[in-house]
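Let's take a walk through a protein model together.

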Amino acid sequence: MTRFLGTLAAVLALACPATAAARERDVPHPGPLPASAALPEAGFTVVESEGGAMRAARAAGPNARRYATPDGYQVAVEASSAYPVDPVADQKLVDFLASRVHGDELGDLSVYVGTPDEIIRLCGGDPSTVACYASNEARMYVPGETVRDIPVEYPLTHEYGHHIALWRTNSPWDALDWGGKYWSSAMRICRGVRRGLLFPGNQGTHYWDDPGEGFADGYAHMHYPQAPWYYNDLMRPNAEAFTAIRRDVLQPWAGPRTRTFRGRVSERRPRRSFHIRLSLDGDVELGLTAPRGSVYVVQAEIPDFAAGRRLHDGGGFGVEWCRHRAVDKIELTVTRRKGSGPFALRVSWPG
């Protein structure tokens, strides 16, 4: 009888090899990274939409299940068929994400957990890739195990930085490529782009110069400040960067400020001046309402830069403004060239 049971056990083991050789997932934990974490250089990519391989992998595994966070959000999680169904591990992953600095965007997140080799294949095939984010689906593709001494906590946190950016506004730019408004302004991303040193959205030859990746990894460094920095030094995080990222997450930029200045010009007094302070990069837009038949020149000026337009019967224009200093004190002028009378100058600026 004992011999028969032993034979039966061997047959069952052969019949169910997946169960016998099931892989185990690493469960992420809040707090510092393990001391053994080396965090070598690795790639974290963004794709616009899921490819066929991603959809096939998700279809092969269990259906996604939603798990609640302590603060009331729900996150959809699904895992590779290479892993056993493990609701406890799923819940701990969601609890870990809830421990990251976050806002309402957490409730719009989906996560796919795959084996390291599977993630490489799904995220484009580059062997250096550890995780990726599919923006159209707001879904993170992350490894379920440590990859080349990179613990699962780090790619989870980095990719969540991309998810935050997806739900933020940085007009006139895309926050997914440029980072959040406060961070991109603090790090002077606009100036770096104009100087040809930074390349928003470039996931190819200028991957390490992509502000979208700089923002996501800056977010990861806010949680793990001792981690090595591999991206362009212009984006190396500091205390100001962390303050800006936290503000982008918890108090996101909601849009530009507006103000209307009113005055009158004439032959006797042909020029009027007003002032605004600009502490964020973005569009400065000026719209003039003026008398019929008038020609007024509207100008925005700082000591080393000016932009203006001659406007007939009113009108408007905009300037993509990269700050020259921490706060640009902009002088706005309305100068008469023809006609006279009252005007209203409506100004919009990032803040």
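What follows starts with the cavities and ends with the helix pair.

This is a predicted model, where local features need pLDDT of at least 70 and side-chain atom pairs count only at pLDDT 80 or more, while totals for chains, interfaces and linings use all residues. Residues are numbered from 1 along each chain as its sequence is written, and side-chain values use heavy atoms, with hydrogens and water left out.

How many cavities of 30 Å³ or more does the structure hold? There are 2. A cavity here is a set of points, on a 1 Å grid over the protein atoms alone, where a 1.4 Å probe fits but cannot get out; lining residues have an atom within 4 Å of a point. The largest cavity has about 110 Å³ of space. Its lining includes Trp208, Tyr230 and Asp217, and by class it has 11 nonpolar, no polar and 1 charged residues. (Ala, Val, Leu, Ile, Met, Phe, Trp, Tyr, Cys and Pro count as nonpolar, Asp, Glu, Lys and Arg as charged, and the others, Gly among them, as polar.)

The second largest cavity is about 50 Å³. Among the residues lining this one are Arg25, Gly144 and Leu156.

Leu156 also turns up where helix H4 meets helix H6, as one of the contact residues (heavy atoms within 4.5 Å). The axes of H4 (residues 87–99) and H6 (residues 153–166) come within 11 Å and cross at roughly 55°.

Conventions. 1 Å grid on protein atoms, 1.4 Å probe; cavity = no way out; pocket = protein on both sides within 12 Å on 5 of 7 lines; lining within 4 Å. Points joined across faces, edges and corners; volume = space filled by probe spheres on them. Axes fitted to C-alpha atoms, helices over the stretch in contact; angles between N-to-C directions. Helix = DSSP H or I, 4+ residues; strand = E, 2+ residues; numbered from the N terminus.
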